[in-house]
Amino acid sequence: MSGDKALARRQEAIAELRANYAELVPGQKVTTEAYRPEHAPGVGRLFLQVYADDYPVDEPYVPELLTEANRSGRIHTIVARVADGSVVGQGAVFRSSPPNPRMYEYGQILVDKAYRNSFAAYRIHLFATKNMFGQLPGVGALYGEAVCHHLVTQKMSVTASDFLACGLQLGLMPEAAYAGEGIEGRVTCFIHIRLDEILQGPLCIPACWREQVEATLPTWPHLTRTISVSDPGLAAPEGSVSSVSVRHFDFAGVSRVHIAAIGADFADCVARELAQARGQDFTVVQFFVSLGDAWTGQAAEVLRREGGFFAGFLPQWFGPAGNGPDALLVQVLLKPIPLAPIRTFTERGAAVARRVILDQQRACREFGAPQAAPLPDLDALCQPKENAKQDTPEAGKE
Amino acid sequence: MTVSALQLKDLLEEAGVQPQVAQAVDPAQPLLKQGLDSVDFPAFCALLEQRFGISLEEETALTLRSLEDFARYVSERA
């Protein structure tokens, strides 16, 4: 479908959802099931209620697109329904940011306002844990993002799900995205990853972030890698070209830059993307760098000189789409930012947060990178104490 | 079938409640005032539904405050 036709169809579908919009009857028993085509209007209605017509993807609004996405396996939608057939909630496992075609995102949990005090969200999550995680064809890994201003999403990510914290996106989301939650400042989000299959591949760790990567690696005991440490003196072959893809999130003021291969033009690519982001008055630029090239060390130094700091090690983020399967996440703040409170549910998450925050402070000291404040007390991150829980499978039920 | 509050207390950890929190629960006191949160509570209810083959609607569950309340409810229906 052409761009004009797709836009027209989206607008037509949204108009239809608006015309048929009705409030739901509260208090009915909630059950969950996998998506069927007849659920499409109910899913569209939910997105309309929560995002109005602003959600940047067409599928949720356009029934035939959502049905096709579910049929093809690009999206696996879970719906929560009540006795009269209404859709009161939804969640999804879906293709999103990772270049690895077998790494899907888990999230998009939306619940109708009449059912926010019900267990609908939990039931959707329970359905996913029992019927989807580790069982979907074509899905070898999952990632999720969990906000840090409260612990609910973090807890759902690790409880019975085997999602493990490996990255922290400092000040990722604007305060406006959480209007009504009474928070001030940009919201920080964890990245959690669950691996159901292990891909082989090289791992070239930049010398400057060796400590951080090696501290994160044992999170997945079965992740086997041929590891080398990349010296910053080793340059990419002359004339080689970086493989770069960029996505801008205007509402959040965030640019996500994926570098699947590091070429001799890497520094120019970084400078260009930063300049473009500054020109758009963005706040955060994230570089996801494939760790397969022997010259990752020099690339890391380029990013450090730009004020970049370690924000995570993401196993299999690139999969076969990068020169190495894994990604280093480096974040650059383009301006000083106020931060919403950062709370961590697990000791593993707290350790990731400490690594990231300490390196961000280094970037400020060494390269004058913009400050993010207030930062949490690093010694008190995993509070209250009863939540100081390890999220490893060895710890028991998880 | 009679189910005791102490039997249900043993299920708290299985539902994902932190061991320290679960072990300290007083069966006569409201669960939500003893450290269970908005994930623990539905997880515990879902486990009771599964374990005892009962239906526990949200509106009902929210009227059951203590483990003793839950034990009475389950005993009457299981």
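1. Across the interface of chain B and chain A there are six residue pairs in polar contact, counting pairs with both residues at pLDDT 80 or more. The model is a predicted one, and the distances and areas below should be read with that in mind. Five salt bridges are also found across the interface of chain B and chain A. One pairing is between the side chains of A:Lys29 and B:Glu57, which meet in a salt bridge at 3.6 Å, N to O.

2. On the side of chain B that touches chain A, the elements giving two or more residues are helix H1 (5-14), helix H2 (19-23), helix H3 (40-52) and helix H4 (58-61) of chain B. H3(B) gives the most to that side, with eight residues. Sorted by class, the side of chain B that touches chain A holds ten nonpolar, six polar and eight charged residues.

3. The contact between the chains draws on 24 residues from chain B and 19 residues from chain A. The area that chain B and chain A bury between them is about 1,700 Å², with 56% of it on carbon and sulfur atoms. Within chain B, the residues that lose the most area to chain A are B:Gln18, B:Val39 and B:Glu58, together 36% of what that side buries.

4. Turning to chain A, its domain assignment gives domain 1 (3-139) and domain 2 (201-380). The contact of these two domains takes six residues from domain 1 of chain A and nine residues from domain 2 of chain A. The C-alpha centres of domain 1 and domain 2 of chain A are 32 Å apart.

5. Domain 1 and domain 2 of chain A bury about 650 Å² between them, and 65% of this lies on carbon and sulfur atoms. Of the area that domain 1 of chain A buries against domain 2 of chain A, 65% is supplied by A:Ser97, A:Pro99 and A:Asn100, more than by any other three residues.

6. Polar contacts between domain 1 and domain 2 of chain A come to four residue pairs, with both residues at pLDDT 80 or more. The residues on the side of domain 1 of chain A that touches domain 2 of chain A are four nonpolar, two polar and no charged.

7. A:Arg225 sits in the loop between helix H6 (210-216) and strand E9 (226-230) of chain A. Is A:Arg225 buried or exposed? A:Arg225 counts as buried because its relative accessibility is 13%, and the cut-off for buried is under 20%. A polar atom of the A:Arg225 side chain lies 2.5 Å from the backbone oxygen of A:Leu199. Leaving out residues up to four places away in sequence, A:Arg225 touches A:Leu199, A:Gln200, A:Gly201, A:Leu203, A:Gln316, A:Pro325 and A:Asp326.

8. A:Ser157 belongs to helix H5 (residues 152-158) of chain A. With a relative accessibility of 11%, A:Ser157 also counts as buried. The side chain of A:Ser157 reaches the backbone oxygen of A:Thr153 at 2.9 Å. Not counting residues up to four places away in sequence, A:Ser157 touches A:Ala146, A:Asp162, A:Phe163 and A:His192. A:Ser157 and A:Gly144 are 13 residues apart in sequence, and their C-alpha atoms are 7.4 Å apart in space.

Methods
Residues are numbered from 1 along each chain as its sequence is written. Chains are lettered from A and ligands numbered from 1 in the order in which they are written. This is a predicted model: local features need pLDDT of at least 70, side-chain atom pairs count only at pLDDT 80 or more; totals for chains, interfaces and linings use all residues. Side-chain values use heavy atoms; hydrogens and water are left out. Domain bounds come from an automatic or database domain assignment. Contact means heavy atoms within 4.5 Å. Buried area is the accessible area (1.4 Å probe) that two parts lose on being put together, summed over both. A polar contact is a pair of N or O atoms within 3.5 Å; within protein, one must be able to donate a hydrogen and the other to accept it, and residues adjacent in sequence count only if both atoms are side-chain atoms. Ala, Val, Leu, Ile, Met, Phe, Trp, Tyr, Cys and Pro count as nonpolar, Asp, Glu, Lys and Arg as charged, and the others, Gly among them, as polar. A salt bridge is a side-chain nitrogen of Lys or Arg within 4 Å of a carboxyl oxygen of Asp or Glu. Helices (H or I, at least four residues) and strands (E, at least two) are DSSP runs, numbered from the N terminus. Buried means under 20% relative accessible area, exposed over 50%, partly exposed in between (1.4 Å probe, protein chains only).
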